[in-house]
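Hi,

Here is the structure I said I would pass on.

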Amino acid sequence: MDWEDSAEQAEFRTRVRTFIDERLPERYRRAAEEDGDNAVFSWQADRKSDDPEKVAAAKEWAGALGETGWVAPQWPKEYGGAGLSPMEQFIFNQEMSKAQAPNVGGSGVSMLGPMLIVHGTDEQKQYHLPKILSGEVSWAQGYSEPGSGSDLASLQTRALRDGDDYVINGQKIWTSGAHNADWLFALVRTDPDAPKHRGISFVLMPKDTPGITVQPLINMAWEHGFNETFFEDVRVPVTNRVGDENRGWYVGMTLLDFERSNISGAVGQRRSISELIEYSQSDEGREKSRLDEFDNLRHDLADRYIETEVMYNFSFRIISMQHRGLIPNYEASTSKLFNSELSQRLALTGTRVFGLHSNIWDDKSDRAPMKARFTRSYVGAVASTIAAGTSEIQRNIIATRGLGLPRG
Ligand SMILES: Cc1cc2nc3c(=O)[nH]c(=O)nc-3n(C[C@H](O)[C@H](O)[C@H](O)COP(=O)(O)OP(=O)(O)OC[C@H]3O[C@@H](n4cnc5c(N)ncnc54)[C@H](O)[C@@H]3O)c2cc1C
């Protein structure tokens, strides 16, 4: 097995690296150096920030990536993407992640755009795709509801046809980034009498449509990442529906996020474990860590190191399938499951290495090892085995589609 880049791939990697070196705005460069994994570079939040430096950085970076089509590396060139091959996307994402450079476009690029390319009308494509690529419009995903997550097809938010409009009433929850978004895409029930998968439609709406209220949900790391979104007699033109009425489930489930290798996660875990080992060997790290005292902590660290390499190879497996024209199925679940559980184990190991020092939450405190990175990721990583499909759901997929076991 040859793990090295081919000459062509090496040339592409250099091109991406040089581009990031030359064009990544100072704000993101500084944040990556100063704050490491604690840096919250959310491009969506920066766009809406009160701080002019953040707004300028978000615009500058969207503009720079836009020049080469790298806002949407996976989209076809005819729609303004870069049309990169799976291997080039892998290299691109590796380099972006190594430099901790933020992606631009959020779920507009990763979910909505690819769906519109397949299912949208010409008008919908012409109107929405350029605004996603220029960074002018940011999107949020309204799928989950208080009673519908894993069993999403049971969703109840109701859309009643009234002339040329739908009138929508109901509630979505966990809408990530809705507070910074300009538009929402949502699954709504248009036929309550049909079997549950067949009565759902996929609709687009500006967030400032009368009747939409976005309420913050603060997570246990005291961060505002997701929201509850309420719909009260919200009028949405029927022309904002994507795909046929009552066929929205199939539109919403179109899995066109080509970046399924989890490479950003794998690069991040590798960086975390390497920096943990390096820091533990420094004078400050020796003083704050308990590695000299406990064998089992050293063993834990070795285990995590091995697991980060395993994760890296899960990513390679997916990319090698895509490279051969195969569509990863349960393999993507394996990678998602392993990566999210690894992020929790790694965070736990990091906190155990530093013992009582890990009680310090303040990342500015001199007494906090590695700017409290592992304390914070220990709390933050809890959500990783829930978001984008829980670990139990991934295991069900691996069991049935991967191992051919009967459904429970
Ligand atoms: C950080 C974060 C961001 C998110 N962002 C968004 C977003 O932007 N938009 C959006 O629409 N949603 C979002 N979600 C919601 C996410 O998709 C759901 O939380 C997830 O699908 C689980 O659904 P649930 O929370 O309703 O849990 P439930 O489905 O109620 O599950 C509860 C428990 O039961 C288990 N379970 C359920 N069904 C089965 C089964 N068949 N077999 C075995 N065990 C089962 C689950 O694994 C879990 O442990 C986000 C969630 C998180 C944590």
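The buried residues of α9 are covered by, among others, α5 (86–98), α10 (283–288), α11, α12 (330–353) and α13 (373–380). Cover here is counted by contact, meaning heavy atoms within 4.5 Å. Helices (H or I, at least four residues) and strands (E, at least two) are DSSP runs, numbered from the N terminus. Those buried α9 residues include Ile263, Val267, Arg271, Leu276 and Tyr279. Buried means under 20% relative accessible area, exposed over 50%, and partly exposed in between (1.4 Å probe, protein chains only). The length of α9 (residues 263–281) also works out: its 19 residues should span 27 Å at 1.5 Å a residue, and the end C-alpha atoms are 27 Å apart. The expected span is 1.5 Å times one less than the number of residues.

Before going on, keep in mind that this is a predicted model: local features need pLDDT of at least 70, side-chain atom pairs count only at pLDDT 80 or more, and totals for chains, interfaces and linings use all residues. Residues are numbered from 1 along each chain as its sequence is written, and side-chain values use heavy atoms, with hydrogens and water left out.

Now to α12. Thr351 sits in that helix and counts as buried because its relative accessibility is 12%. Its side chain reaches the backbone oxygen of Leu348 at 2.7 Å. Beyond neighbours within four places in sequence, Thr351 is in contact with Ser358, Phe374, Thr375 and Tyr378.

On to salt bridges (a side-chain nitrogen of Lys or Arg within 4 Å of a carboxyl oxygen of Asp or Glu): the structure holds 25. Here are three of them:

- Asp300 pairs with Arg352, with the closest N and O atoms 2.5 Å apart. Asp300 is in α11 and Arg352 in α12, so the bridge ties together parts 52 residues apart in sequence. Asp300 is buried at 16%, while Arg352 is partly exposed at 31%.
- Asp46 pairs with Arg27, and the closest N and O atoms are 2.8 Å apart. Asp46 is in α3 (residues 43–47) and Arg27 in α2 (residues 26–35), 19 residues apart. Asp46 is buried at 3% relative accessibility, and Arg27 is buried at 12%.
- Glu145 and Lys172 meet at 2.8 Å, N to O. Glu145 is buried at 6%, and Lys172 is buried at 1%.

One last thing, on backbone angles. Most residues other than glycine have a negative phi. Ala388 has a positive one, near 60°; Ala388 lies in the loop between α13 and α14 (391–402) and is exposed at 75%.

Cheers

Terms used:
A polar contact is a pair of N or O atoms within 3.5 Å; within protein, one must be able to donate a hydrogen and the other to accept it, and residues adjacent in sequence count only if both atoms are side-chain atoms.
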